[in-house]
Amino acid sequence: MNRALAVVAAVTMVVGSLLLRSRLDDTSGGGNGGNAKVVLACVTELADACNALAGANVEIRIADAGTTSKSVSGIDGWVTLDPWPEIAGLSASPVRVASSPLVIATVAERAAVLQAHCGGTIGWKCLGDAIESDWASIGGQPEWGKVRVGIPSVKTATGLLLIGNATAGYFGRPDVATNDFDVDDGFLAWFAKLKRAQQPADPFPTFIQQFPASFSAVGVIEAKETAGVGVKPVTVVNPSPQASAVVVVAPVNPSTEGRVRTLARSAALRDALKAQGWNIDAVPTNSGLPGAGVLLALSTR
């Protein structure tokens, strides 16, 4: 009798162990195999930080935000900027990891002229109005040529955010609705100038490398501006309303959601972003931008 009880107890322990292992596998993404490779898509702006996660169990695929937002097939998670996951129609709430303000970097000498022209404060509305104007017509030097402003393409994670921040600056508030575009008689003409300022490649490196010949001002994430400006005489403007680029990691595949969230909270990602100038503490719950639907509408204008 005692021997029979011992056998039953041993079987019970084995079954319990298997059940526990099954639950642990589920927590770590067992639907895709607990030890299977997690595939993370990553926007180009965050490539260096994402590569800190790469390893035997993590594959990183770099692509611009516009490309990934059209198809998330074959990936487990997406490292991008808020609110791109919502634009892509992802339902799982993303992990908010880091933030950095959206700013305007300007040639210091020309910023002083713009400030006077704009009534004391440089903002996106006045800057957008000035695009393609002769500098001499707004108080600058004739040899500066025309006012050239650079913004990344709306197909990029940063470009769409900057366009959204600029639009909020035009209307003076972030809670913009799509019907505001047609109600305001001046918006479409202003926005057409902003569209022409979009560049196929990030204009900030060119702004610095060819300083001050190529662009008088560019839209950029502050973390990138701080890291790349060097000793160039640059004036940084925090436009109103203020907004931030927020790094998020969005789960895509339910079977690996736990593992993706663990990677999002990992020291490797946070430390890599911090080293690049991103703020990893007190990440805002609101980016200060117009809603995802408005940003999507702006991308197709």
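Colleagues, the model is predicted: local features need pLDDT of at least 70, side-chain atom pairs count only at pLDDT 80 or more, and totals for chains, interfaces and linings use all residues. Residues are numbered from 1 along each chain as its sequence is written, and side-chain values use heavy atoms, with hydrogens and water left out.

I begin with confidence. The predictor's confidence in each residue, pLDDT, runs from 0 to 100. For the protein chain its mean is 90, and 88% of the residues reach 70 or more. Residues 1-33 have a pLDDT below 50, and this stretch has 16 contacts in the model beyond near neighbours in sequence. Contact here means heavy atoms within 4.5 Å.

Next, the overall fold. The protein chain contains 14 helices and 9 strands. These are DSSP runs, numbered from the N terminus: helices are H or I with at least four residues, and strands are E with at least two. Of the 301 residues, 48% count as buried. Buried means under 20% relative accessible area, exposed means over 50%, and partly exposed lies in between, with a 1.4 Å probe and protein chains only. Among contacts between residues at least 6 apart in sequence, 72% join residues at least 24 apart.

I turn to a pair of helices. How do the axes of helix 7 and helix 14 cross? Helix 7 covers residues 157-171 and helix 14 covers residues 292-299; their axes come within 10 Å and cross at roughly 105 degrees. The axes are lines fitted to C-alpha atoms, for helices over the stretch in contact, and the angles run from 0 to 180 degrees between N-to-C directions. Helix 7 and helix 14 are therefore roughly perpendicular to each other. In this scheme, angles under 35 degrees count as roughly parallel, over 145 as roughly antiparallel, 65 to 115 as roughly perpendicular and the rest as oblique. Helix 7 contributes Leu160, Ile163, Gly164 and Thr167 to the contact, while helix 14 contributes Leu295, Leu298 and Ser299. By class, the residues of this contact are 4 nonpolar, 3 polar and no charged. Nonpolar covers Ala, Val, Leu, Ile, Met, Phe, Trp, Tyr, Cys and Pro; charged covers Asp, Glu, Lys and Arg; the others, Gly among them, are polar.

Now the aromatic residues. A search of the whole structure finds 10 aromatic pairs. Rings of Phe, Tyr and Trp (its six-membered ring) pair if their centres lie within 6.5 Å; planes under 30 degrees apart count as stacked, over 60 as edge-to-face and the rest as tilted. The rings of Tyr170 and Phe187 have centres 5.3 Å apart and planes at 70 degrees, so this pair is edge-to-face. Tyr170 belongs to helix 7 and Phe187 to helix 9 (residues 187-196), so the pair ties together parts 17 residues apart in sequence. Both Tyr170 and Phe187 are buried. A tilted pair is formed by Phe204 and Phe207, at 6.2 Å centre to centre with 35 degrees between the planes. Because Phe204 and Phe207 are 3 residues apart in helix 10 (residues 203-209), about one helical turn separates them. Phe204 is buried at a relative accessible area of 4%, and Phe207 counts as buried at 1%. One aromatic cluster consists of Tyr170, Phe171, Phe181, Phe187, Trp190 and Phe191.

I close with individual positions. Leaving aside neighbours within four places in sequence, Ser99 contacts Ala245, Val246, Trp278, Asn279, Val283 and Pro284.

Asp175 sits in the loop between helix 7 and helix 8 (180-183) and is exposed, with a relative accessible area of 54%. Its C-alpha atom is separated by 5.5 Å from that of Pro290, 115 residues apart along the chain.

Two peptide bonds deserve mention. The bond from Asp82 to Pro83 is cis, with omega near 5 degrees, and Pro83 lies in the loop between strand 3 (77-81) and helix 4 (84-87). The bond from Phe211 to Pro212 is cis, with omega near -5 degrees.

Finally, Ala282 has a positive phi of about 50 degrees although it is not a glycine. Ala282 is found in the loop between helix 13 (267-275) and helix 14, and at 74% relative accessibility it counts as exposed.
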